[in-house]
Amino acid sequence: MKIVDKTVLVTGANRGIGQALVQEALRRGAKRVYAGTRHAMAYEDERVTPVILDVTNGAQIERAVAEIESLDVLINNAGIALYDDLSDRSMLEQHLAVNLFGTYGVTQAFLPLLTRSRGAIVNNVSMMAMAPFPITPAYAVSKAAAFNLTQSLRALLAGRGVRVHAVLTGPTDTDMTRGFDIPKSMPAAVAQAIFDGVENEEEDIFPDPMSEVLAESWRGGVAKALERQYATFVQAAPAAA
């Protein structure tokens, strides 16, 4: 999968990593980049097409599908992260609505186009999918669910020729991490590493120095081996039927 001459959709493209992903796709020669945002935005590069896309809004998702005739790479980047302590159920529901069901809804809507192009789905989850940060537990729960969704889709869609990547992002210098006084990577560097991972066909992408510490132990660990073992059941199911 090379990005040159491909059509890419990035959700949450208004700022941070999403904005950097749009610019990196252009730098790599993408033919068309659809920038999904909740509010209208203008772009200087004529290869960028703005798309109003709130990932929790079914009608907007349908309109986006109608606007986009072909798609090679879907990047589910839109997300929210709010401080909480799990005392308010609505906070958990809010995070799940965007970070899990938003990702699911957009993916299902664009799956026919991605199947046709034998394309790729890239879900920007988080290191917190593996271990929660105690002051943002609802976010961590939703990202763990999104990671599991990504792994499930990877197994289920392999037979259709659609690759599914998980991006396990560490702290990045965006509005979302403004309150954290910790080392952070720049969005442009993270975006570059994400596309490197897609082009290198890495199932799980660790796009920054902090997350990369986990890469070797994850890829060679028991949990990854179990994921691959379970995936064989999908391959065997038609034969068994």
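Predicted model: local features only at pLDDT ≥ 70, side-chain atom pairs only at ≥ 80, totals over all residues.
**View 1. Helix H1 packs against helix H5.** Helix H1, which spans residues 16-27, and helix H5, which spans residues 187-199, pack with their axes 8 Å apart and at an angle of about 55°, which makes H1 oblique to H5. The crossing of these two helices, H1 and H5, is right-handed. On the H1 side the contact is formed by Gly 16, Ile 17, Ala 20, Leu 21, Glu 24, Ala 25 and Arg 27, and these meet Pro 187, Ala 188, Val 190, Ala 191, Gln 192, Ile 194 and Phe 195 of H5. The residues of this contact divide into 10 nonpolar, 2 polar and 2 charged.

**View 2. His 165 in strand E6.** His 165 lies in the strand that covers residues 163-167, and it counts as buried because its relative accessible area is 2%, under the 20% cut-off. A polar atom of the His 165 side chain lies 2.6 Å from the backbone oxygen of Glu 202. Leaving aside residues up to four places away in sequence, His 165 touches a set of residues that includes Ala 120, Ile 121, Val 122, Asn 123, Gly 197, Val 198 and Glu 202.

**View 3. Asn 77 in the loop between strand E4 and helix H3.** The side chain of Asn 77 reaches the backbone oxygen of Gly 12 at 3.1 Å. Residues up to four places away in sequence are again not counted among the residues that Asn 77 touches, which are Val 10, Thr 11, Gly 12, Ile 17, Gly 18, Leu 21 and Asn 124.

Terms used: Residues numbered from 1 in each chain as written. Heavy atoms only, no water. Axes fitted to C-alpha atoms, helices over the stretch in contact; angles between N-to-C directions. Helix = DSSP H or I, 4+ residues; strand = E, 2+ residues; numbered from the N terminus. Parallel < 35°, antiparallel > 145°, perpendicular 65-115°, else oblique. Left-handed = near helix turned anticlockwise from the far one by under 90°. Contact = heavy atoms within 4.5 Å. Nonpolar A, V, L, I, M, F, W, Y, C, P; charged D, E, K, R; others polar. Buried < 20%, exposed > 50% of the residue type's maximum accessible area, 1.4 Å probe, protein only. Polar contact = N/O pair within 3.5 Å; in protein donor to acceptor, adjacent residues only side chain to side chain.
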